[in-house]
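Subject: Structure handover

Hello,

Here is the structure for you to look at. My notes on what turned up follow below it.

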Amino acid sequence: MPLIRIPKSWELPERMVTPELAFMNRRQFMKNLISAGLGMAAVSLTACNRSEAEVQTITSNLAEFPNLTQNPKFKDVGRAVTSEDFATRYNNFYEFGGTKSIWEAAQALPTENWSVEVTGLVNNPQTYDIDALMQKFPLEERVYRFRCVEAWAMVVPWVGFPMASLMKDVEPKDQAKFVRFTSFYDPKITKGPGFWALNYPWPYTEGLRIEEMANDLAFFAVGLYGKTLPKQNGAPLRAVIPWKYGFKGAKSIVKIEFLDQQPPTFWNVLAPNEYGFEANVNPEVPHPRWSQATERIVTNGSSSSWEKQPTLLYNGYEKYVGKLYS
Ligand SMILES: Nc1nc2c(c(=O)[nH]1)N[C@H]1C(S)=C(S)[C@@H](COP(=O)(O)O)O[C@H]1N2
Ligand SMILES: [Mo]
């Protein structure tokens, strides 16, 4: 896995260069860089003794989501929350390139006047304007573990609403057995360097069984760290399915379809033996090219030096989702 490329101060994205944040975040950024290597390892060793304050990430920073509540059920995952700088600078978004350093390229994503079409086997099809969507469903913060199939992991405080809320609004019909999410795609804009040659099945799509979508954990995110979702993290709406590998969480969703059959999905079509449709986090099911028994906690420096932790079945969410698979 590549190293994290730490951006130089003059490369900080536009959203940070507001009068207040240009100063605040730069200082915080340097502090994080200094403490990340030593501090985070120490924090997770003493996970059980951590004070509440250490897992609270938003309560003092609600400018963008004034009515946000913190869901107490999804607050402490027994690991330190990942620094915002890592969660927003170490990304997978193949539409904008094949490395982890695509955050700058992803700024080309046009998020103005975004709407999300909900269609297929529903009684009440909708095309939601993104702002209306954020008004309609009460927003909450949930701190979730995040596990990429590539065996790295983070802990991210998302802002969003349960997928079940949207289901209630559109009323899937009895014949609806699956859902498909489609990401934004425009070959004039989403041109990951070097990807023209490959026959990738764009647009990026992902899917779930309808019972999985209805599970309490399945979430649509519109923000993270108490702020509007950055483009590189899948603005303005992305799926978060914390018990599955990260690739299930389609970014920058434009369409949600309810279907009677399992849909073909991006990675599953490309490499069905490596990326199954179900894709539940499971330490005992190795990827054909590597073990999934452990994962590394994303921080700065070389990924081979990152702290290793055992992978948990369903990413630690067995209590919520185990019955879906028994
Ligand atoms: N549209 C789209 N969605 C995507 C991806 C992608 O390449 N394109 N990558 C997936 C993968 S592999 C992961 S691990 C997560 C990464 O999310 P993050 O960058 O916010 O951590 O997004 C997922 N969603
Ligand atoms: Mo991933």
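Let me start with the contact pattern. Of the contacts in the protein with a separation of 6 or more, 73% are between residues 24 or more positions apart. Contact here means heavy atoms within 4.5 Å.

Ground rules next. This is a predicted model, where local features need pLDDT of at least 70, side-chain atom pairs count only at pLDDT 80 or more, and totals for chains, interfaces and linings use all residues. Residues are numbered from 1 along each chain as its sequence is written, chains are lettered from A and ligands numbered from 1 in the order in which they are written, and side-chain values use heavy atoms, with hydrogens and water left out.

**Overall**

The protein has 8 helices and 13 strands. These are DSSP runs numbered from the N terminus: helices are H or I with at least four residues, strands are E with at least two. The protein has 326 residues, and 54% of them are buried. Buried means under 20% relative accessible area, exposed over 50%, and partly exposed in between, using a 1.4 Å probe and protein chains only. The accessible surface of the protein is about 14900 Å². Carbon and sulfur atoms hold 55% of that surface. Areas come from the Shrake-Rupley method with a 1.4 Å probe; for residues, only the protein chains shown count as cover.

The largest nonpolar core has 84 residues. Such a core is a set of buried Ala, Val, Leu, Ile, Met, Phe, Trp, Tyr and Cys residues joined through side-chain atoms within 4.5 Å. Leu166, Phe181, Met213, Ile256 and Phe258 touch the most other members. Strand S5 (residues 152-162) gives the most to this core, with 7 residues. In soluble globular proteins, nonpolar side chains tend to be buried together.

**Ligand 1**

Ligand 1 is surrounded by 17 residues. The closest are Asn91, Tyr94, Glu95, Gly249 and Lys251. A residue counts as near if one of its heavy atoms lies within 4 Å. The shell splits into 8 nonpolar, 6 polar and 3 charged residues.

- A ligand nitrogen is 2.8 Å from an N or O atom in the side chain of Glu95.
- A ligand nitrogen is 3.4 Å from a polar backbone atom of Asn92.
- A ligand oxygen is 3.0 Å from an N or O atom in the side chain of Asn233.

On its own, ligand 1 has 530 Å² of accessible area, and the protein covers 98% of it.

Gln232 sits in the loop between strand S9 (227-228) and strand S10 (238-240). Gln232 is buried, at 1% relative accessible area. Leaving aside neighbours within four places in sequence, its contacts include Asn91, Trp103 and Lys251.

Cys148 lies in the loop between strand S4 (140-147) and S5. Cys148 is buried too, at 5% relative accessibility. Not counting residues up to four places away in sequence, Cys148 touches Asn92, Tyr245 and Gly246. Tyr245 is 97 residues from Cys148 along the chain, yet their C-alpha atoms are 5.1 Å apart.

Phe266 is in helix H7 (residues 266-270). Its relative accessible area is 0%, so Phe266 counts as buried. Phe266 touches Tyr200, Pro201, Trp202, Pro203, Tyr204 and Thr205, not counting residues up to four places away in sequence.

The peptide bond from Trp202 to Pro203 is cis, with omega near -5°. Pro203 lies in the loop between strand S6 (178-183) and strand S7 (205-209). A cis bond also joins Ala235 and Pro236, with omega about -10°. Pro236 is in the loop between S9 and S10.

**Positive phi**

Tyr314 has phi near 50°, a positive value in a residue other than glycine. Asn315 is not a glycine either, and its phi is about 55°. Tyr314 lies in the loop between strand S13 (308-310) and helix H8 (318-321). Tyr314 is buried at 12% relative accessible area, and Asn315 is buried at 2%.

Best wishes

Note on methods:
Polar contact = N/O pair within 3.5 Å; in protein donor to acceptor, adjacent residues only side chain to side chain. Nonpolar A, V, L, I, M, F, W, Y, C, P; charged D, E, K, R; others polar.
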